[in-house]
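This report covers charged side chains and their partners. The sequence and structure come before the text.

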Amino acid sequence: MTDTLSTAVSHELDENALLEAYRTMRTIRAFEERLHDEFATGEIPGFVHLYAGEEASATGVCAHLDGRDSIASTHRGHGHCIAKGVDVKAMMAEIYGKKTGSCHGKGGSMHIADLSKGMLGANGIVGGGPPLICGTALAAKQRGTGGVGVAFFGDGASNQGTTLESLNLASVWNLPAIFVAENNGYAEATSSSWSVAADNIADRAAGFGMPGVIVDGFDFFAVHEAAGEAVQRAREGGGPTLIEVKFTRYFGHFEGDQQTYRAKEVAEARAKLDCLKRFRARVTETGQVDAARLDAIDTQVADLIDAAVEEAKAAPKPTAADLETDVYVSY
Amino acid sequence: MAAPVRSTADQPTSSVQNLTIGKALNLGLRAAMEADDKVLVLGEDVGKLGGVFRITDGLQKDFGEQRVLDTPLAESGIIGTAVGLAVRGFRPVCEIQFEGFIFPGFDQISSQLAKLHYRTQGGIKVPVVIRVPYGGGIGAVEHHSESPESLFAHIAGLKVVSCANPVDAYWMIQQAIRCDDPVLFFEPKRLYHSGALKAPVDTAAEPDPLFASRTVRQGSTATLVAYGPSVKVCLDAATAAAEDDLSLEVIDLRTLSPLDLEPVFESVRRTGRLITVSEAPSESSITSEIAARVQQECFYSLESPVLRVTGFDTPYPPSKLEEHYLPDLDRVLHAVDRALAW
């Protein structure tokens with residue numbers, strides 16, 4: 001059964017939690033907007049897929065997670081990394097291909113991973129992540145840690161066999177798994193309104209015997225509430241949930257994408273729906289948070305991103321010797 | 001009776017066009033679709049967008065959505081769909097966007113596509129072409145720069161080819177589509193739009209056979225064998241070596257399964273030295289197979305061991321390490337020196 005949640009204000013968040021959520025979303029936004037500018041200079045190698053516009057999803061879900069939990073991400077993975085606590089400076093260095101990066105420059109934007117934070121990795125294969133989460137959720141269940149696994153994936157991956165196989169497995173094994181379908185409207189240039197043969201990705205949950213919910217992805221509180229219910233159910237042995245988060249990505253599929261396939265929804269989303277604007281308006285209007293404290297976070301985040309870029313640019317590259325390391329545990 | 005006067009009015013002004021590999025593939029696909037209405041093109045973003053590398057640009061516009069199909073993002077589904085189409089009489093051409101994305105579809109390729117003809121004791125033909133942009137040098141990482149061709153050459157039931165220049169791109173794609181067996185068609189993605197490789201393609205010419213290798217430069221000191229993106233590296237190396245009075249022969253394999261090694265054996269019997277070049281990791285690869293076959297066929301002609309210049313036996317590295325990983329002119333010439341000094 002698919003429910004559409006109302007966007008009621010969650011009363012479970014105290015001021016510190018609200019400030020933390022805002023800091024996470026602001027950090028993701030600033031990180032991505034800066035990458036957008038820096039990529040245009042040509043200094044960043046390879047492909048970069050930006051998460052700007054989607055911050056409420058990673059932030060609202062990961063707010064419920066702790067050290068027991070793991071997440072699997074996508075090619076659009078920077079936001080998930082930041083929300084799960086991966087070091088921002090190490091991420092930036094990784095994207096610059098430098099030795100000081102999260103993966104010593106061997107991962108790049110599409111493969112940032114930090115298992116110490118429960119982050120299994122961004123993933124260059126669409127639909128590559130959900131099967132991994134079945135594994136980590138099964139491990140948590142076997143060990144009785146109370147931990148959960150969260151697979152973030154996009155509307156494109158929702159059509160991959162690997163994703164559908166994972167939904168089935170998670171239900172069959174009653175795994176503590178949460179599947180977060182981030183439907184930003186397009187798999188590269190292909191519209192999800194065409195490629196997804198159901199009204200909603202969440203509708204498919206019924207076919208796998210799990211609850212399916214749809215949330216407004218621009219509304220942090222809606223995501224937070226839906227994810228909270230799903231994580232609690234999973235921790236208590238109630239099995240998996242499929243959450244469909246609907247929103248729009250602000251930038252192209254990758255940096256450099258001409259975006260000839262979509263019209264003007266981005267400008268409208270930025271103006272009217274933006275998760276940061278709505279969050280700020282809500283928490284200041286209700287008097288829960290003073291605007292000056294949010295302004296201070298903006299400044300701190302801007303300084304952090306400046307420092308991250310500066311340090312990444314100055315950091316050493318991997319050497320030729322790094323080619324042959326870490327291929328095997330022993331050889 | 002007078003000899004017939006040949007009219008030029010009916011002839012196109014010229015059947016020769018100066019093309020990149022990418023444009024030659026596009027025109028080759030177009031010619032195949034015009035020649036046979038059973039030819040369909042399917043893949044992720046191949047229609048409206050024209051493919052991420054623009055190889056199918058304009059095909060949907062000209063042939064319609066029935067023949068050029070955008071698919072959901074699902075490689076296993078794309079290939080499985082193509083198998084079903086082929087056994088019902090179509091000739092589908094699938095595009096896999098980057099070689100690293102082929103692995104979700106590997107099961108369908110290995111377990112269905114390659115096996116159906118054998119399983120039905122010849123009762124079913126599966127004329128599917130899977131186009132695979134492959135190789136490095138574009139600043140991308142694993143999944144976007146790899147050379148997995150040896151994996152497919154290892155599977156009985158599949159044919160595997162790779163083009164290295166615009167003329168072959170134009171003809172080989174058409175020949176692959178006409179082939180009644182499944183063909184994995186590997187395309188050197190970093191050379192798609194290379195202006196330096198632009199060449200005149202005569203669309204009225206008689207092409208070489210598909211499953212044949214070709215000597216692309218004559219020489220007598222040593223033999224270089226390569227395919228796909230490495231052919232250009234070898235030709236450049238041969239040009240540089242000529243300044244040192246070294247005469248290198250270069251053979252473009254073109255077909256990886258079946259291998260056509262007679263020209264290689266003939267060459268090695270003259271030069272006595274062989275260097276094989278490929279971006280793929282060396283272990284259990286096409287280059288290994290050539291070395292094994294050459295030592296078997298040319299044992300008494302060899303003046304030195306067969307040497308291999310390849311990618312590393314590691315996952316494909318990130319961009320800052322690519323220059324170390326990819327075979328280049330220096331590594332090829334170093335191998336020539338080692339062979340000569342043996």
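## A buried pair in chain B

Glu99(B) is buried, with a relative accessible area of 0% (buried is under 20%, exposed over 50%, partly exposed in between, with a 1.4 Å probe and protein chains only). Glu99(B) forms a salt bridge with Lys189(B), the closest N and O atoms being 2.7 Å apart; a salt bridge is a side-chain nitrogen of Lys or Arg within 4 Å of a carboxyl oxygen of Asp or Glu. The two residues are 90 apart in the chain, and Lys189(B) is also buried, at 4%.

The model is predicted: local features need pLDDT of at least 70, side-chain atom pairs count only at pLDDT 80 or more, and totals for chains, interfaces and linings use all residues. Residues are numbered from 1 along each chain as written, chains are lettered from A and ligands numbered from 1 in the order written, and side-chain values use heavy atoms, without hydrogens and water.

## Other salt bridges

Glu279(B) and Arg190(B) meet at 2.6 Å, N to O. Glu279(B) is buried at 5% relative accessibility, while Arg190(B) is partly exposed at 27%.

In chain A, Arg270(A) pairs with Glu33(A) at 3.5 Å between the closest N and O atoms. Both partners are partly exposed, Arg270(A) at 27% and Glu33(A) at 31%. Over all chains the count is 37 salt bridges.

## A lysine without a salt bridge

Lys84(A) is buried yet has no salt bridge; Asp69(A), the nearest side chain of opposite charge, is 5.8 Å away. The backbone oxygen of Asp69(A) lies 3.2 Å from a polar atom of the Lys84(A) side chain.

How values were computed
Lys and Arg count as positive and Asp and Glu as negative; His and the chain ends are not counted. A polar contact is a pair of N or O atoms within 3.5 Å; within protein, one must be able to donate a hydrogen and the other to accept it, and residues adjacent in sequence count only if both atoms are side-chain atoms. Helices (H or I, at least four residues) and strands (E, at least two) are DSSP runs, numbered from the N terminus.
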